[in-house]
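Look at how a chain folds into helices, a sheet and nonpolar cores. Take the parts one at a time.

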Amino acid sequence: MVERQSGVALWRQIADRMRLAINNGDFDETGMMPPEMVLAGRFGVNRHTVRSAMAALAEEGIVRPIQGIGTRIERRDRLRFPISRRTRFSQGLGKQTRDLEGRLLGSATEVAPALVAETLGLPTGTLCVRLETVNSADKRPISCGTHYFPADRFADIAGIYERTRSITASFRELGVPDYVRRSTEISAIHAEGDDIRHLKLSPGAIILVAAAINTDLAGTPIQFSRTRFAADRVKLTVEPEA
């Protein structure tokens with residue numbers, strides 16, 4: 001059953017639960033979703049509410065209604081994104097997909113927000129460079145990122161990233177040949193705002209958020225990122241220290 005007093009729309013709760021069931025392989029035997037009437041009985045709602053949930057999943061590309069047959073599951077296997085001491089987008093996904101692409105959505109040089117300044121060890125009022133990016137695998141968007149860098153050290157990183165489409169390559173050109181992950185905090189939220197559009201999700205889809213700090217090999221923080229992953233496309237795995 002769903003929670004009617006939770007403040008979350010019933011169709012959204014149902015979509016979340018069906019998405020999880022699909023990811024868990026609950027319907028792999030038939031490859032089809034149960035009929036609307038069956039789902040309505042399972043969740044204690046009317047068929048219109050179930051239809052709204054199914055429409056959201058269809059918009060995400062998770063299911064596809066077929067006239068006269070039912071609703072087929074279109075789920076692809078989720079990509080595995082390892083988080084380790086040397087987390088790299090291309091290395092983490094490179095063997096699982098043919099085409100990886102990073103794209104710069106926008107950039108700005110601005111006073112570091114309080115949390116960013118604290119995380120990067122910057123005095124209040126220090127400038128930072130902010131990059132907004134989206135990463136795709138085989139033309140399918142999988143993550144959006146907001147990245148902050150100390151402006152005194154990485155003033156040109158936006159232009160370099162736009163050309164190289166790689167933060168690792170950008171660091172290398174700016175004199176940081178190697179860097180490591182200090183910490184990663186993972187949480188889950190409902191997608192909203194620009195993330196819905198850039199990740200091609202329906203309102204209320206689940207995204208995984210990884211807030212990460214990278215440092216150079218001397219231990220100086222050089223990057224704070226907040227990366228949002230489409231939960232039905234990527235699973236995050238934390239690997240032990242090498």
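Helices (H or I, at least four residues) and strands (E, at least two) are DSSP runs, numbered from the N terminus. Axes are lines fitted to C-alpha atoms, for helices over the stretch in contact, and angles run from 0 to 180 degrees between N-to-C directions. This is a predicted model: local features need pLDDT of at least 70, side-chain atom pairs count only at pLDDT 80 or more, and totals for chains, interfaces and linings use all residues. Residues are numbered from 1 along each chain as its sequence is written, and side-chain values use heavy atoms, without hydrogens and water.

Start with two helices. H1 and H3 pack at about 55 degrees, and their axes lie 8 Å apart.

Now the cores. A nonpolar core is a set of buried Ala, Val, Leu, Ile, Met, Phe, Trp, Tyr and Cys residues joined through side-chain atoms within 4.5 Å. Buried means under 20% relative accessible area (1.4 Å probe, protein chains only). The largest core has 18 residues, and Met18, Ile22, Met33 and Leu39 have the most contacts inside it. H1 gives the largest share, 5 residues. A second, separate core has 14 residues, including Val129 and Tyr179.

Finally, the sheet. Six strands form an open, antiparallel sheet in the order E4-E5-E6-E9-E8-E7. Two strands pair if DSSP finds at least two bridges between them. Strands E4 (100–111) and E7 (179–190) are the edges, each pairing on one side only. E7 pairs with E8 (residues 206–216) over 11 bridges.

Conventions. Buried means under 20% relative accessible area, exposed over 50%, partly exposed in between (1.4 Å probe, protein chains only).
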